[in-house]
Amino acid sequence: MPARTSITCTIVVPCYNEAHRLPAERFVEFLHREYEIGFLFVNDGSTDNTLEILETLQRVCGPSVEVLHKPVNAGKSEAVRDGMLRAIELGRGSFVGFWDADLATPLQAIPALLQKLIDHPPLQMVFGARIRLLGRQVNRRAVRHYLGRVFATVVSIVLRLPIYDTQCGAKIFRITPALSKVLGQPFTSRWVFDVELLARFIALDKGDVQPLHDSIYEFPLDNWEDVAGSKVKPGDFLLAFVDTFRIYRKYLR
């Protein structure tokens, strides 16, 4: 690997049985170019050889890669939360985010999202948004797209926030005391923790959503690919609606 400068941003990658879907070589290639970005992979109780692959990646990439091993599977929400807290604890840089292991959102989008935060200090978080526009390659199965649009509309109403895409697995945050606070307790939801995270920010401001209007930027992605083998099934959308109602009752009512 090239000589490493200080890491500005750590990206958490939750992994559960990703041995056949984790494109390790893409991470290596990316880290040869982006010297100020590091990765923290969370092995969430995988029963295949995911941990072995992650440890090999760590040896190849050196200090650019950390591995957090959780022997018991606790779900994506806790893998992300534990990983982000660990990244903050390491104290490397001013930004932390999370990214899906299958790279449905290409790694090349990370510098663009990060630069948006760097260039606009009032922003606290930048979220990838899967918007199918001419000139962009956003390929999503129709059933997931339409279910996702219905879910996003419900979330916008519940949060009173005109957010287009809460569930894209590409997000970067500025490290602040408020972020550490909203990550302080386990999430209620295993899958729609992104919604719960926003609800916690709103609760911190005593129900005022205006601060989030001013601190979130949704970044339209140039490329997004619906990778085969996703652990999210159409039936999970029903659970997502139930979880959203629980989140509303707990934080916003």
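Predicted model: local features only at pLDDT ≥ 70, side-chain atom pairs only at ≥ 80, totals over all residues.
**Entry 1. Strand E7**

I began with strand E7, which spans residues 170-174. I asked how many of the residues of E7 are buried. Five of the five are, so I noted the strand as largely enclosed by the rest of the structure.

I then looked at the two sides of the strand. In a regular strand the side chains alternate between the two faces of the sheet. On one side of E7 I found Ala170, Ile172 and Arg174, and on the other Lys171 and Phe173; all of these are buried, and both faces are covered.

Next I looked up the pairing of E7. Strand E4 (residues 95-99) pairs with E7 in the antiparallel sense, and I recorded five bridges for this pairing. Within it, Arg174 of E7 stands opposite Phe95. Strand E5 (residues 125-129) also runs antiparallel to E7 and is joined to it by three bridges. Here I noted that Lys171 of E7 is the bridge partner of Phe127.

**Entry 2. Helix H5 against helix H9**

I turned to helix H5, residues 142-159. Its axis comes within 11 Å of the axis of helix H9 (residues 236-252), and the two cross at roughly 10°. Angles under 35 degrees count as roughly parallel, and H5 and H9 are therefore roughly parallel to each other.

I listed the residues that make this contact. From H5 they are Arg144, Leu147, Gly148, Val150, Phe151, Val154, Val155, Val158 and Leu159. From H9 they are Phe237, Ala240, Phe241, Thr244, Tyr248 and Leu252. Sorted by class, the contact of H5 with H9 holds twelve nonpolar residues, two polar ones and one charged one.

**Entry 3. Helix H5 against helix H7**

I recorded the crossing of H5 and H7 as right-handed.

Which residues meet in this packing? On the H5 side I found Phe151, Val155 and Leu159, and on the H7 side Val195, Leu198, Ala199 and Ile202. By class, the contact of H5 with H7 comprises seven nonpolar residues, with no polar and no charged ones. I noted that Phe151, Val155 and Leu159 of H5 are also listed in the contact with H9.

**Entry 4. Two residues with positive phi**

I looked up backbone angles in two loops. Arg160 has a phi near 60°, a positive value in a residue other than glycine. I located Arg160 in the loop between H5 and E7.

Lys206, also a residue other than glycine, has a positive phi near 55°.

**Entry 5. Gly38**

My last entry concerns Gly38, in strand E2 (residues 37-44). Its relative accessibility is 0%, so I counted Gly38 as buried. I then asked which residues Gly38 is in contact with, leaving aside its neighbours within four places in sequence. I found Ile7, Cys9, Thr10, Ile11 and Ser64. I also looked up the separation of Gly38 from Glu55, 17 residues apart along the chain. Their C-alpha atoms are separated by 15 Å.

Note on methods: Residues numbered from 1 in each chain as written. Heavy atoms only, no water. Helix = DSSP H or I, 4+ residues; strand = E, 2+ residues; numbered from the N terminus. Buried < 20%, exposed > 50% of the residue type's maximum accessible area, 1.4 Å probe, protein only. Contact = heavy atoms within 4.5 Å. Axes fitted to C-alpha atoms, helices over the stretch in contact; angles between N-to-C directions. Parallel < 35°, antiparallel > 145°, perpendicular 65-115°, else oblique. Nonpolar A, V, L, I, M, F, W, Y, C, P; charged D, E, K, R; others polar. Left-handed = near helix turned anticlockwise from the far one by under 90°. Pairing = 2+ DSSP bridges.
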